[in-house]
Amino acid sequence: MRLILLGPPGAGKGTQAQHIVERHGVVQLSTGDMLRAAVKAGTPVGLKAKDIMASGGLVPDEVVVGIIADRIEEPDAKNGFILDGFPRTVPQAEALDKLLKSKGLALDAVIELRVNEGALLRRVETRIAEMKARGEAVRADDTPEVLSQRLANYRAQTEPLVDYYGEKRKLATIDGMKSIEEVTADIKRVLDALSESAARPVKSRKPAAKKAKAKKAAKAASAGRSAKKAKAVKKATKKAAKTVVKKAAKKAAPKRAAAQKAKKSAKPAARKAKTAARRGAAKGARRGSKASSRPVKKVTKKRAKAAGRLTKRG
Ligand code: ADP
């Protein structure tokens, strides 16, 4: 697991990083701790960083990027790491992206601890008092004046990373104003959800999505088919009715025969056919001509025969 803890000084990054280290067996990489160690050891980096740190300024990007590049190469970082205090500027974040990419590694999440500034000042004051009470050396930059400088730097240089990682869909923001235990629990929830989605095999995720898609498509197709079917039935019924009406009218068949055909061809058309037959017969009778009466006779015979057969069978 590779994480970044983002938040202003005093937000509780160090405290929460410790919990994550215990739970996930990863290392905490704090650039602040590394720089303080370098200052203490009097290394070239330490000499460069000393005054900058004491005044609350930021150590040059290339210095911290160099430190991180070397540190993540060490064996204990192979299992994953939590970056605390790095990246602190957009160029550092871009350098980290490049670095991880060149090693074929990916970042899992960026956890932002959001706190209000008034609370930060009170927290740092309490921290200073507690350290003094324990007889510990207080950090040179842990004074109210330097703290406001560190806060100003955070707002100007580090806060843009919230958008930077938000756009990359890596950001999880947690309310850092809650108690330490609650914040720990909230971070745990985020990390558990991450591990769950990472543990789910990609294969099983895809077919599920595919299955759902196929089901949807099948449903749509079947809806389309039944709509088509209904349309076809409607059309056929209409056509049958039309044919019957036309024939019946043309041939002026007797009431019973026409009605029988209409009934046989299409039920809903029967009534129409009856009416049409009645009208046709009346028309034929009015005309009384041979041309119009001959086919009528023929059809009548046929119909009578058919009707007879039907009656016999039934
Ligand atoms: P904070 O409690 O302010 O987060 P840190 O312990 O992380 O403090 O860092 C202490 C000081 O070390 C910072 O004020 C800064 O001068 C320097 N520093 C730490 N990390 C970085 C970094 N990524 N880039 C530049 N400077 C850094």
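Let's start in a loop: Arg-169 sits between α8 (160–167) and β5 (171–175). Helices here are DSSP runs of H or I with at least four residues, strands are runs of E with at least two, and both are numbered from the N terminus. Arg-169 is not a glycine, yet its phi is positive, at about 60 degrees. It counts as exposed because it has 7 C-beta neighbours inside 10 Å; the cut-off for exposed is 12 or fewer other C-beta atoms within 10 Å of a residue's own, buried takes 20 or more, and partly exposed lies in between, with C-beta atoms placed from the backbone.

A word on what you're looking at: this is a predicted model, where local features need pLDDT of at least 70, side-chain atom pairs count only at pLDDT 80 or more, and totals for chains, interfaces and linings use all residues. Residues are numbered from 1 along each chain as its sequence is written.

Stepping back, the chain has 13 helices and five strands. Of its 314 residues, 25% are buried.

Another loop worth a visit runs between β3 (81–84) and α5 (90–102), and Pro-87 is in it. The peptide bond leading from Phe-86 into Pro-87 is cis, with omega near -5 degrees.

Now for the ligand. It is surrounded by 17 residues, and the closest are Pro-9, Thr-31, Gly-32, Gly-85 and Arg-88. Two elements, α2 (31–41) and α3 (44–55), each give two or more residues to this shell, which takes in residues whose C-beta atom, placed from the backbone, lies within 6 Å of the ligand. The biggest giver is α2, with three residues.
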